[in-house]
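Please examine the sequence and the model shown below.

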Amino acid sequence: QKLHVNQQNLQRAWDVSQRTTRDDWDEWMRRFAVQLLREAPSPALRACADLAQAYPPLARELFYAAFVSCWFELIDQYQENLVRSLEIAFKSETIPPEILQTLLNLAEFMEHDVEALPIDIRVLADLAQKCRAYAKALHYKELEYETSPTACVEALISINKKLDLPEAALGVLKAVQTLSMEQTENFGTVNSGMQVQPSAYSASIHPQPNAQDSLTAPPKPISRRRSSAVGSDIGDYGSFRGVEVKESFLAKLGSWSEALVLYEKKLAEDESDTGAILGCMRCLDARGEWDGVLKLAGKSWEHLKENINNQEKEEGSLEIGSPRIEQNADYSVENAERDYKKAVKFCSHAAWRLGKWSKLDTYASFLITSDMSKVVNDKKSPLTGTNIDFDGAFYSAVLYIHRKEWKAAAGAINAARMAMDSRF
């Protein structure tokens, strides 16, 4: 016999407002898991609530079963509120990785054994990548591919590369290119055979028996074994006709030379193209051309600074809702600062590898400063700040060790550890 579920008590438990620190999220997860057991309609689960309160590992172990038990007792209004709370948790910058992993596993559990939660596939894919659960990320991106193939090409390539599946990564690009060609030839008619073959992880969640029989023109299966000849297949980047081959696609495939050619071509057309500057730096860094990174930085530094200043002026002079703000909503001051910081990281790495300590000192100070816009406008490049990320602390430690300042080096190393995980 089912017991009564107090939905308001559950709503108070899953509320994520005012959760700003790691300890807040740990308490939220503990309270939510225990409350699910207290309100579970199953007598067996509810009987475990008091023990779970005293022994938290039990609450974590029964979290998925308790969630499913309560989910079907919630009316639509409470289900929607719960999903919104989960989505807010997914996007939080302070939520611990282990809680994100638990929520990601919950979404998988619901999809596999019950019913999929009404959460955007793209959100789950981003969450899986954030948790470095690349097999799950591949599954969600393959689902997204079914509705918008060209929108997730780069992500599919990147995930397959991280899973050490270079041939599958190359196959994604070839499949989309062939699909685009067939759409052009058939005036929009898509050949159902040109689908990216589902990963083993996806097949385990959504089995597709005899799927090969329904393919009118099945492609060659994507091999899962590693091949040393992949580089020769992607060298002729001009052969990908029918879909625009973006430089980032080739970079994701590890074809740094070909990607560098295309990035340099874009940079020649527009010297202030931030994407081309960062792309060239990334390719040069991957090829070990450290001098090239620093030379490019010397030529492009002013463009990167102006990019931040221009964004600040534009956002400060335009009202919210104006057409230009809406048009440039995807690129803000935060994005400009993030691009600037990426360039600084490439330069720091190059300076370190070349042993140019004075340059490394300058670049490391940029990474340590909390407000990037202050660095852009401050010629003194202050070395203090409140938001020290891992790279800033790491390169500072390298500098201190080079100078034999052991006490300062220990502090920088500790800051790097804290940047990775605040529990250290």
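Gly288 counts as partly exposed because its relative accessibility is 31%; buried means under 20% relative accessible area, exposed over 50%, and partly exposed in between (1.4 Å probe, protein chains only). Gly288 lies in the loop between α17 and α18 (290–317). Ala350 is 62 residues away from Gly288 along the chain, yet the C-alpha atoms of the two are separated by 8.5 Å. The model is predicted, so local features need pLDDT of at least 70 and side-chain atom pairs count only at pLDDT 80 or more, whereas totals for chains, interfaces and linings use all residues. Residues are numbered from 1 along each chain as its sequence is written, and side-chain values use heavy atoms, with hydrogens and water left out.

The chain as a whole has 24 helices and zero strands. Here helices (H or I, at least four residues) and strands (E, at least two) are DSSP runs, numbered from the N terminus. Of the 424 residues in the chain, 44% are buried. A contact means heavy atoms within 4.5 Å; among contacts with a separation of 6 or more, 61% join residues 24 or more positions apart. The accessible surface of the chain, computed by the Shrake-Rupley method with a 1.4 Å probe and, for residues, with only the protein chains shown as cover, comes to about 22800 Å², and 50% of this belongs to carbon and sulfur atoms.

Why is helix α6 (residues 63–71) largely enclosed by the rest of the structure? Seven of its nine residues are buried, so the structure largely encloses this helix. The buried residues of α6 include Phe63, Phe67 and Trp71. They pack against α1 (7–14), α2 (22–39), α3 (43–46), α5 (56–61), α7 (76–91) and α8 (97–113).

Helix α2 also contains Gln35, which counts as buried because its relative accessibility is 15%. Leaving out residues up to four places away in sequence, Gln35 touches Asn9, Leu10 and Ala13.

A nonpolar core is a set of buried Ala, Val, Leu, Ile, Met, Phe, Trp, Tyr and Cys residues joined through side-chain atoms within 4.5 Å. The largest such core has 68 residues, and Phe32, Phe67 and Phe90 have the most contacts inside it. Helix α2 gives the most to this core, with eight residues. A second, separate core of 36 residues includes Tyr263, Val344, Phe366 and Val398.

Grid points are joined across faces, edges and corners, and a volume is the space filled by probe spheres set on the points. There are two cavities of 30 Å³ or more. The second largest cavity has a volume of about 30 Å³, and α6 gives the most to its lining, with three residues.

The second largest pocket has a volume of about 960 Å³. It is lined by 28 residues, of which Glu154, Lys252, Arg282, Asp339 and Lys342 lie nearest its centre. Helix α17 gives the most to this lining, with six residues.

Note on methods: 1 Å grid on protein atoms, 1.4 Å probe; cavity = no way out; pocket = protein on both sides within 12 Å on 5 of 7 lines; lining within 4 Å.
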